[in-house]
Amino acid sequence: MPGWDEWYKETTRRYAHHGYATISPDLYCRAGHGAPDDVTAKIRAEGGVADDQVVADAEGCMAYLRSLPILNGKIGLMGTCSGGRYSYLTGCRSDGVDAVVDCWGGGVVMADDGLTPQRPVAPIDLTESLRAPLLGLFGEDDQSPTPDQVAQHEEALKQHGKHYEFHMYPNAGHGFFYYDRPAAYRAGPAVDGWEKIWDFFGRTLQSA
Amino acid sequence: MCTMIAERLTVQGSGKGREGWFPLTQAYVSYDHPIYAPLDHALNLDFVNDASGLGARVAVELDAASAEQLARAILEVLEQAKSEHLTDGDL
């Protein structure tokens, strides 16, 4: 964390173990190839990758998945940290998304002076366009998103009548799933969070 | 990555990375998630040579208080150096 690292690759395998055809796109691949931390450092210095590029990459992944004979036709998105933000953003902008899981995605709520060429629109402002049910997992001690920002996001979802469920875990901060980061990992919330993800995707992505 | 608070600057100097010493061309300064430090967010310094590949990097991750101390110390040392060793052309 962050980047296309061991945790994300293991998480992808975990989805496969639960029966999901899964892609974990290397969103930073255009920066070059190398150790995940070196690639991430370059992307971090550039202010991140462009939202448009990430959405296009996600749509490419979805198109590939739809081409597979093993797919039941349903597609879900899940991401953590900025990946949670990208999952939400793609759920708001792209057709054919059946479920979205946002794990502590920072930057869904953005101040006007925080908008950049790479991130020109705050995802919360696209909430009206969200096409799929949403599961959000957050930690009370997180600084990005803060509980107040999560509350703002929830208010926007209510305002637009969206199907969502948010869970805010006490004594957890940013990245409480990351077992390879002892300061961030919280076993109880992580176990519970994964159960909520399997339940959510089980309900939203099952065959008709 | 969540904050995307970052600056890049051109620098001259040397850094010692995993393959030994190399010339530096750029420094990245960001306040975002660290890779290794047990912090939610850190002041991240990356000294790199863009032409030598992504692995040509010296990385430092500091908590905010440490970073502020470091920044002050750098300026104080340069201030002392100005009086004895630096000319206008050096800065």
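## Conventions

Two residues are in contact if their C-beta atoms, placed from the backbone, lie within 7 Å. Helices (H or I, at least four residues) and strands (E, at least two) are DSSP runs numbered from the N terminus. The model is predicted: local features need pLDDT of at least 70 and side-chain atom pairs count only at pLDDT 80 or more, while totals for chains, interfaces and linings use all residues. Residues are numbered from 1 along each chain as its sequence is written, and chains are lettered from A and ligands numbered from 1 in the order in which they are written.

## Chain A: overall form

Chain A contains six helices and four strands, arranged from the N terminus as α-α-α-β-α-β-β-α-β-α. Its radius of gyration, taken over C-alpha atoms (globule rule: 2.2 Å times the number of residues to the power 0.38), is 16 Å; this is close to the 17 Å that the rule gives for 208 residues, so chain A is as compact as a globular protein of that length. The C-alpha trace spans about 45 × 40 × 35 Å along its principal axes.

Of the 208 residues in chain A, 40% are buried (20 or more other C-beta atoms within 10 Å of the residue's own, C-beta atoms being placed from the backbone). Among contacts of chain A with a separation of 6 or more, 63% join residues 24 or more positions apart.

## The sheet of chain A

The four strands form an open, parallel sheet in the order β1-β2-β3-β4, where pairing requires at least two DSSP bridges between two strands. β1 and β4 (164-169) of chain A stand at the edges with a single partner strand each, so one side of each is left without a neighbour in the sheet. Neighbouring strands are turned by 10° against each other on average, direction ignored; axes here are lines fitted to C-alpha atoms, for helices over the stretch in contact, and angles run from 0 to 180 degrees between N-to-C directions.

Five bridges join β1(A) to the parallel β2(A), with A:G79 opposite A:D102. Five of the five residues of β1(A) are buried, so this strand is largely enclosed by the rest of the structure. A:G76, A:M78 and A:T80 point one way from β1(A), and A:L77 and A:G79 point the other way.

Helix α5 (residues 147-159) of chain A lies across β3 and β4, running at about 165° to β4(A).

## Nonpolar cores

A nonpolar core is a set of buried Ala, Val, Leu, Ile, Met, Phe, Trp, Tyr and Cys residues joined through C-beta atoms within 7 Å. The largest has 40 residues, and those with the most contacts inside it are A:L77, A:V100, A:V101, A:A132, A:L135, A:I197 and A:F200. α2, α3 (51-66), β1 (76-80), α4 (82-93), β2 (99-103), β3 (134-139) and α6 (187-204) of chain A each supply at least two of its residues. Apart from this core lies another, of seven residues, among them A:A45, B:L24, B:Y28 and B:V48.

## Chain B and the interface

Chain B has one helix and four strands, in the order β-β-β-β-α from the N terminus. Of its 91 residues, 22% count as buried.

In the interface, 27 residues of chain A are in contact with 21 residues of chain B. Helix α2 (residues 36-45) gives the most to the chain A side, with eight residues.

Methods
Buried ≥ 20, exposed ≤ 12 C-beta atoms within 10 Å, placed from the backbone.
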